[in-house]
Amino acid sequence: MGAPQGEARVTSILSVDKLAADTPFRVAVVIDVAEHWHVNANPANVEGLIPTMLTLPSTASIVIDRIVYPKGATMKVSWSDGPVSLYTGHTVIFAEGHVNAAVQPGPVKLEGSLRYQACNDQVCI
């Protein structure tokens with residue numbers, strides 16, 4: 001999982017070197033938001049904002065048990081009457097999962113997506 005340079009850079013890190021049957025793991029999805037930009041937190045606290053959303057579907061081999069979003073920073077922005085919950089700078093979302101007990105040894109592919117709306121004080125893209 002990765003994104004091109006721009007408003008945000010996304011990387012992922014697995015908590016273990018190798019996955020093994022019937023064992024838990026975590027995936028850290030790291031979002032580095034460029035200076036003067038932000039992405040909406042999850043949950044978004046203003047109607048109409050698109051929250052940051054990590055999607056990692058379970059497979060026959062891998063089960064995603066839960067996704068843990070950090071609390072957003074509450075900030076005042078020019079386009080909202082009230083404070084907005086945002087991620088800025090360095091943010092980490094964790095996916096917790098486990099390997100199915102009956103899985104056979106061999107390669108496993110874990111694919112997902114990260115949806116976010118990047119904004120600055122003037123525009124959202």
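A residue is called buried here when its relative accessible area is under 20%, exposed when that area is over 50%, and partly exposed in between. With that convention in place, I turn to the structure, which is a predicted model.

Is Thr91 buried or exposed? Its relative accessibility is 6%, so Thr91 counts as buried, the limit for that class being under 20%. Thr91 belongs to strand β8, which covers residues 90-99. Setting aside the neighbours within four places in sequence, the contacts of Thr91 are Val29, Val30, Ile31 and Pro70. Strand β2 is made up of residues 24-33, and Val29, Val30 and Ile31 are among the contacts of Thr91.

Let me now move to the chain as a whole. The protein has ten strands and zero helices; read from the N terminus, the order of elements is β-β-β-β-β-β-β-β-β-β. The C-alpha trace spans about 55 × 25 × 20 Å along its principal axes. Of the 125 residues, 32% are buried. As for contacts between residues at least 6 apart in sequence, 69% of them join residues at least 24 apart.

The surface comes next. The protein exposes about 7,500 Å², and 53% of this is supplied by carbon and sulfur atoms. On the charges, there are 8 positive and 11 negative ones, and their mean positions lie 4 Å apart.

Rolling a probe the size of a water molecule over the atoms shows where empty space is left. In this model, the largest pocket holds about 400 Å³ of space. Its lining consists of 21 residues, of which Leu14, Leu19, Val108, Lys109 and Leu110 are the closest to the pocket centre. Which strand gives the most to this lining? That is strand β1, residues 8-14, with three residues.

Beyond the neighbours within four places in sequence, Asp121 is in contact with Val77, Ser78 and Trp79. Leu56, by comparison, is 65 residues from Asp121 in sequence, and the C-alpha atoms of the two are 31 Å apart in space.

Finally, some remarks on the backbone. Most residues other than glycine have a negative phi, and most peptide bonds are trans. Pro43 is placed in the loop between β3, residues 38-40, and β4, residues 53-55.

Two residues other than glycine have a positive phi to report. For Asp22, phi is near 65 degrees. Asp22 is found in the loop between β1 and β2, and its relative accessible area of 56% makes Asp22 exposed. For His36, phi is near 75 degrees, again a positive value in a residue other than glycine. His36 lies in the loop between β2 and β3. What is the relative accessible area of His36? The value is 66%, so His36 is exposed.

Note on methods. Residues numbered from 1 in each chain as written. Predicted model: local features only at pLDDT ≥ 70, side-chain atom pairs only at ≥ 80, totals over all residues. Heavy atoms only, no water. Helix = DSSP H or I, 4+ residues; strand = E, 2+ residues; numbered from the N terminus. Buried < 20%, exposed > 50% of the residue type's maximum accessible area, 1.4 Å probe, protein only. Contact = heavy atoms within 4.5 Å. Areas by Shrake-Rupley, 256 points an atom, 1.4 Å probe, with all protein chains shown as cover. Lys, Arg positive; Asp, Glu negative; His and termini not counted. Charge placed at Lys NZ, Arg CZ, Asp CG, Glu CD. 1 Å grid on protein atoms, 1.4 Å probe; cavity = no way out; pocket = protein on both sides within 12 Å on 5 of 7 lines; lining within 4 Å. Points joined across faces, edges and corners; volume = space filled by probe spheres on them.
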